[in-house]
Amino acid sequence: MGIINFQGKRNNPPEKEKEPILVSDYMTKKLITFKEDQTIEEAITILINNKISGGPVVNDNNELVGIISEGDCIKQISDSRYYNLPIENSTVGRAMVKEVETIDGTTNILDAANKFLQSRRRRFPIVQNGKLVGQISQKDVLIAAMKLKGNTWK
């Protein structure tokens, strides 16, 4: 009778408790924001120069009042040409979306991913105590997913 194994019994390493990865861990905190009284031309220039597709609109107290996007600006340009109105009179406040969905910073990043899939939005602002504190984008969720990959994907 021969020896089968010299290593002895192997114990499985104890599993680490998995801490939830939160939206606040990956949200962008340095935001480019807009004001309601800015012209659409100013907003377009900011979007182009900063290579962004939209951003939150805040009041003087940094409270979220809307979101402006490239699509909102394009609609203003289109309406301006169709109705033969000067675009200089168009403001961010007139073009922005006023009913804004937000995500809480304590939301799990995978729950945020599901919310992106259900809503078809590109970004969600994060509001805390009535103030805008950050924004999470689809790209931020992808970055978080790649970090999760090393821990959970095979």
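1. Ground rules. Residues are numbered from 1 along each chain as its sequence is written, and side-chain values use heavy atoms, with hydrogens and water left out. In this predicted model, local features need pLDDT of at least 70 and side-chain atom pairs count only at pLDDT 80 or more, while totals for chains, interfaces and linings use all residues.

2. Salt bridges. The structure has 3 of them (a side-chain nitrogen of Lys or Arg within 4 Å of a carboxyl oxygen of Asp or Glu). K75 and D79 make one, at 2.9 Å from N to O. These two sit 4 residues apart in helix α3 (residues 70-82), so about one helical turn separates them. Helices here are DSSP runs (H or I, at least four residues), as are strands (E, at least two).

3. Bridging across the chain. D60 pairs with K35, their closest N and O atoms 3.7 Å apart. That links distant parts of the chain, 25 residues apart: D60 is in the loop between β1 (54-58) and β2 (64-69), K35 in the loop between α1 (23-26) and α2. D60 is exposed at 75% relative accessible area, whereas K35 is partly exposed at 29% (buried is under 20%, exposed over 50%, partly exposed in between, with a 1.4 Å probe and protein chains only).
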